[in-house]
Amino acid sequence: MNKVKSMASRQQNRQIRYGITEPISLVGPTELDVIKTKALENYLQDAGLYESNEEALRREEVLGRLDEIVKTWIKKISRDKGLSDETVEQANAKIFTFGSYRLKVHGPGADIDTLCVGPRYATRENGFFGELHRMLSELPEVTELHSVPDAYVPLMGFKLNGVSIDLLYAKLPLWIIPEDLDLSQDSILQNADEQTVRSLNGCRVTDKIFRLVPNIQSFRTTLRCIRFWAKKRGVYSNVSGFLGGINWALLVARICQLYPNASPNMLVSRFFRVYTQWRWPNPILLCSIDEDEGSSLGLQVWDPRRNPKDLLHKMPIITPAYPCMNSSYNVSASTLRIMTGEFQRGRDVCAAMEAEQWDTLFEPFGFFEAYKNYLQINISASNVEDLKKWRGWVESRFRQLTLVIERHTYDMLQCHPHPHGFQDDSRPLQCSLFMGLQRKEGVEAGGGEPFDIRRTIEEFKQTVYGYMLWVHGMEVSVSHVMRRSIPSFVFPCGVRPLGNLKRTRDSKSSSEQRVSSTVSSSSTITSCERRGGKKRKLGGDETLTDQLRNSKRVAVSVHVENGEDGSPNSSAGSICSAPMKVGESHPVEKIDIPQDSHSQESEEVEDNFGFRNQVSSKDAFSKGAVEVEELEDVPMQRPVVMPKASVQLRKPIIKLNFTSLSMTNAKNLRAC
């Protein structure tokens with residue numbers, strides 16, 4: 001019976017075209033594909049990505065309770081407004097869901113994205129964030145209530161009977177909200193304010209996706225897999241400049257359109273194949289952007305021909321519902337490079353995968369092993385409530401730090417922001433964000449001058465301190481920390497991995513070897529001067545750690561290799577510091593990352609990062625003419641890890657200078 005339904009579905013898909021182009025392939029799964037799909041589903045089940053029936057029932061009960069609360073709220077609002085008894089009796093507000101819960105790809109403990117739709121007399125400021133917030137705060141089953149009225153999409157967050165809820169509000173120009181309200185109609189946006197349009201967009205996009213994919217079940221399984229992969233590989237975070245839930249959903253939906261009869265395991269493989277070869281910034285479109293659609297509403301849609309800002313988008317993924325927007329405007333050059341590398345890795349893993357070997361694809365990315373140098377952003381406040389607000393604000397600005405570093409260094413200094421923050425249990429009123437740093441490959445150092453990012457850091461801090469709700473005690477600091485000195489609280493259970501410890505020992509050994517090669521037989525360490533400056537004698541039994549602790553100004557050359565799992569390339573360098581101890585972080589002053597003469601960048605990667613294919617015509621983005629032509633299965637080269645050169649022959653690659661500029665001249669800076 002299932003085979004008959006599957007054959008009927010494939011026959012239907014042959015007659016219906018999904019998306020803006022013809023499908024790449026109509027081939028269905030083989031017996032091996034069926035086995036791989038079953039293994040994938042079992043893997044996702046064992047990974048705990050599906051909630052239990054009891055939890056699903058509890059979520060439904062919570063949504064029912066939330067619907068009761070907003071209906072009580074709107075009747076109180078209507079009475080307070082002095083409306084007629086008939087209007088009060090008919091007063092109604094309605095709850096809609098969207099996001100992962102509406103797509104049915106959520107996991108245990110995930111929050112529920114909800115939308116409250118109210119009538120014209122229930123305002124956002126006084127009604128939603130005023131009266132409704134007060135009502136929720138008085139309910140014993142509501143905990144962790146907080147409002148974010150100044151967000152791009154204003155919302156309230158709270159837990160209702162232990163279930164996390166993100167609640168948005170849309171005020172429609174209607175006196176009565178009908179129970180059978182259809183949000184998919186464009187007329188619902190008539191006379192709606194900008195915040196309402198944004199709030200409605202989540203529900204409208206979710207409903208549109210369901211109508212644009214050929215097989216919803218295959219779409220859900222594939223999306224659940226890709227979301228899990230993205231979280232494991234550290235590229236799931238809209239706030240940090242990567243992609244969020246809706247972005248990954250649109251990318252997977254496009255693959256489902258291109259391979260309408262494929263099984264989930266096939267779709268996962270094609271996902272990495274297609275996006276490895278995709279010529280960004282060509283946009284991802286699930287349907288054409290009709291210029292006449294909703295023209296009477298006058299809302300701005302994504303159109304690089306008319307909106308110059310749209311030409312600056314690195315990785316446009318366009319929402320299918322009117323008004324069509326770029327859902328991935330947060331992506332920067334650095335985060336695009338990182339995601340492109342992860343697509344390539346996923347393609348290589350899938351190509352070499354056997355029937356049941358899904359573990360390799362989902363191996364976590366070793367962020368704290370991939371780079372030698374990091375920025376650490378410490379966020380602190382005087383109490384837990386202030387820290388929660390302050391942390392949310394700083395995290396929302398974290399992406400700006402990546403952008404200003406790229407801009408001020410002309411994209412030569414690449415940044416890799418970690419998508420999540422870390423909490424030190426010993427400091428409950430402080431948390432930390434981290435960012436990896438490396439010089440762009442293929443770019444030669446200019447005259448040995450370091451990157452001076454002090455102004456960049458100050459610009460970021462000024463932006464952060466512009467928080468409208470800032471109070472005394474909210475502080476943020478930015479400092480440099482080396483891989484060997486990464487605090488233990490970032491690792492699971494507070495234990496540094498053995499591989500990281502081994503690299504730390506290797507790095508220390510390399511440092512000791514390089515130091516010893518530049519001094520006399522009695523062992524000396526130079527200050528921030530070229531070979532032959534002032535030297536200090538060291539005892540033969542003194543360790544490198546003792547040397548660092550006892551020195552007032554130390555230059556330590558360090559070495560960074562490519563990550564063992566294909567992680568971003570880092571380089572070697574030296575650190576010139578004021579009085580310091582191993583394990584401490586230091587204020588950032590200058591960063592210099594000369595090009596490693598041994599590293600090479602493949603022509604293929606250069607082509608992917610060239611950004612030469614700008615959207616310049618209507619056909620380019622509304623008809624999707626370029627998409628299928630670029631998707632041939634071209635063999636891709638694996639990243640080549642060059643053998644480690646002799647320590648003595650390598651030039652310093654990363655140099656972070658923490659000495660006072662007033663105490664050093666230009667010659668000393670170049671020597672560092």
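Modeller: Ground rules: it's a predicted model, where local features need pLDDT of at least 70, side-chain atom pairs count only at pLDDT 80 or more, and totals for chains, interfaces and linings use all residues. Residues are numbered from 1 along each chain as its sequence is written, and side-chain values use heavy atoms, leaving out hydrogens and water.

Biologist: Why is Tyr236 called buried?

Modeller: Buried means under 20% relative accessible area, exposed over 50%, partly exposed in between (1.4 Å probe, protein chains only). Tyr236 has 16%, so it counts as buried.

Biologist: And what makes Ile112 buried?

Modeller: Its relative accessible area is 0%, so Ile112 is buried too. UniProt, in an unreviewed entry, lists Ile112 and Tyr236 among its "binding site" positions; such annotations may be inferred rather than shown by experiment.

Biologist: What makes the Tyr236 and Arg227 side chains a polar contact?

Modeller: The term needs a pair of N or O atoms within 3.5 Å; within protein, one must be able to donate a hydrogen and the other to accept it, and residues adjacent in sequence count only if both atoms are side-chain atoms. This pair sits at 2.9 Å, so it qualifies.

Biologist: Why is a set of residues called a nonpolar core?

Modeller: Because its members are buried Ala, Val, Leu, Ile, Met, Phe, Trp, Tyr and Cys residues joined through side-chain atoms within 4.5 Å. The largest one here has 59 residues, with Phe219, Trp229 and Leu361 among those with the most contacts inside it. Helix 9 gives the largest share, nine residues.

Conventions:
Helix = DSSP H or I, 4+ residues; strand = E, 2+ residues; numbered from the N terminus.
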